[in-house]
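Dear colleague,

Please find below the structure that I am handing over to you, with its sequence. My notes on it follow directly after.

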Amino acid sequence: MPTYLLVTALTAIRILGRNRLRTGLTMLGIVIGVGSVIAMVSIGEGAKAAVAERVASMGTNVILILPGAVTTGGVRGGQGGVVTLTTADAIELKKRIPLLRETGWGRRDVMQIVNGNKNWNGTVNGISPSYLTIRGWSFTGGGPFTQQDLDTAARVAVLGQTAVDNLFEPGEEPVGAIIRINHVPFRVIGTLAPKGQSAQGMDQDDVIFIPFSTAERKVFGTYFLGSVGALFASTERPEDLAPAVAQIREVLRQRHRLQPDQDDDFFIRTQVDIGKVHEETSETLTAMLLAVASVSLMVGGIGIMNILLVSVTERTKEIGVRMAVGATRRHILIQFLVEAMTLSLLGGCIGILVGILGARATTVVAGWPTIISGETVAAAFLFSVAVGLFFGLYPANKAAWMNPIDALRYE
Amino acid sequence: MAALISCEDLWKIYRLGDVEVQALRGIDLLIREGEFVAIMGASGSGKSTLMNILGCLDKPTKGCYRLQGIDVGGLRADQLAEIRNRRIGFVFQNFNLIPRTSALENVQLPLFYRGLPLRQQRALAAEALARVGLQGRENHYPSQLSGGQQQRVAIARALVASPSLLLADEPTGNLDTQSSLEIMAILDHLNKVQGITIVLVTHETDIAAYAEREVVMKDGRILTDRKMLSGSSALSVEA
């Protein structure tokens, strides 16, 4: 049987090689189909990876707790409408939930920042020192502020890349410089490595970090001491996120003295929730593109079937002769299936090349990230084998079930 | 000699719409090993139908056909294919070589389907081509060969599997006289020297004269069945 398959495959290649134009046109459908599947999937994978990267830029295993909507006398406030979270909440959470690696807090406001003759309207964040580690910020110069800076409400600031770009001349050293935030002088003690866009498309580098106590006492003002814009926490492992969220909810409800029939006065989001939304979007897009590409692969398969049916009819007499000298139905079936598979495999291989080139071109021309994975290529290859098998089966069967006499007499 | 072919009351009935065509109407025929039989008859006499059944390409509607003692009527399609492959060689009027495929590969075909190793296929096929005088033409395509040469390739293909029965359906029908003589000389040699049983369908009396027995058919029945005295020696064709 291996000899039979080998010889049949070689014969198939010879037969297909005789009619190059026809073979080429038949394969074109598969080439386009496989090529577009590869290109589409690699664009989808690229988009997914870009999203994952942005989500990861939040830090690892991050939990975000936001002040919630509170209904007061029938009037429902929106998210963050009421300040319900405090620095004490964060400290208590850390104390009572061992799953949490760290907790932190912050408040933000947009402020005018001045350095010499340059000024910039940027987001100022008053934060606990732990915030920077939770969110995974790293430094390009200088370093973070300390617990002592927080305790003494020190006027020190850490700048994101966008803030640096807008407040300093190129080549000017930011660390050590004195800038003014809302007329209050701050010493720059560190600059942060850029993170790029957030999952929501915001510029994450347009930030200035100052100690929380400094912010509430000297820059923002406050409703009451210790009220925060958001709490942050992180866990050691991703699988700890869900139990940690449940425990946070329990502790906060207890601390806020919420009755069982009352809604939470906070929202808890994890990185997973945020990532999921974006992943779903890109997955929907990939699925749609893939559906379109699959249709073209189908059309390619139908092309193969069509040409094979013509070929079977043209070679009816040959089939009769082969049967007369002892070919069984299975021999004939395999012969035509091998021809179909040769067409689809060859088309598939060219299609893979076309797809890879197409993906590259997309990256170069449109600037979209694309990823060509081995799995994608393997799947496309297997898919083209399946197409050949599926669409070859009918013509091959038609050939195999010919009556030897009718086939021999066919003119 | 043992019976190679034994037919008892063979009927073949075709149905074309409402019309029933009785192609064979009760054929009794016994052919022994080593015989050279010519089947003659006008077109429509049923000789091609009989040939198809003898060649295991078709099954009788009724009756029993035994080839070397095997009741062919009870076999499945793949078993019939194997019988054709191992026991029967076909030579057709229009050669029926596979186009754009070399003479050697055409001759290899039965061995290929038998599953012999490639090397053995080639050796046996080359030998069969040599036996019909075509050494040196192994790599020619059918289109590069004359009609007589093509028919010799077809005979080599029929011989290569060492069948016990050679069925020749008007083998000289498309050939000029000279080529016909050559082909018949080969067949005669195969029968006389190698003892291969040959059943030949023809409507040319001078071709039939090579045989030692002549079966004449008419309207699906055997009209006459007679021994001829001296086979090919009775013939004198003025070429």
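**Notes on the predicted model**

In chain B, four strands make up an open sheet with antiparallel pairing, in the order β2-β1-β4-β5. Strands are DSSP runs of E of at least two residues, helices are runs of H or I of at least four residues, and both are numbered from the N terminus; two strands count as paired if DSSP finds at least two bridges between them. The edges of this sheet are β2 (19-32) and β5 (70-71) of chain B, each of which has a single partner strand, so one side of each has no neighbour in the sheet. Residues are numbered from 1 along each chain as its sequence is written, and chains are lettered from A and ligands numbered from 1 in the order in which they are written.

Chain B also holds an open sheet of six strands with mixed pairing, ordered β6-β7-β8-β3-β9-β10. Here β6 (88-91) and β10 (221-227) of chain B are the edge strands; each has a single partner strand, so one side of each is left without a neighbour in the sheet. From one strand to the next, the twist averages 15 degrees. Angles run from 0 to 180 degrees between N-to-C directions, and axes are lines fitted to C-alpha atoms, for helices over the stretch in contact.

β6(B) runs parallel to β7 (residues 165-169) of chain B and is joined to that strand by four bridges. The bridge partner of V91(B) in β7(B) is A168(B). Helix α6 (residues 177-194) of chain B packs on the sheet and touches β3 (36-40), β7 and β8 (197-201) of chain B, its direction making about 150 degrees with that of β8(B). Contact between two residues requires that their C-beta atoms, placed from the backbone, lie within 7 Å.

Turning to the two chains together, 17 residues of chain A and 22 residues of chain B take part in the contact. On the side of chain B that touches chain A, α2 (77-87) and α3 (103-114) of chain B each supply at least two residues. The largest share of that side, six residues, is from α2(B). By type, the residues on that side are 11 nonpolar, four polar and seven charged. Nonpolar covers Ala, Val, Leu, Ile, Met, Phe, Trp, Tyr, Cys and Pro, charged covers Asp, Glu, Lys and Arg, and the others, Gly among them, count as polar.

Finally, the domain assignment of chain A gives domain 1 (2-54 + 277-409) and domain 2 (83-264), with bounds that come from an automatic or database domain assignment. The C-alpha centres of these two domains of chain A are 56 Å apart.

With kind regards

Definitions and conventions. Predicted model: local features only at pLDDT ≥ 70, side-chain atom pairs only at ≥ 80, totals over all residues.
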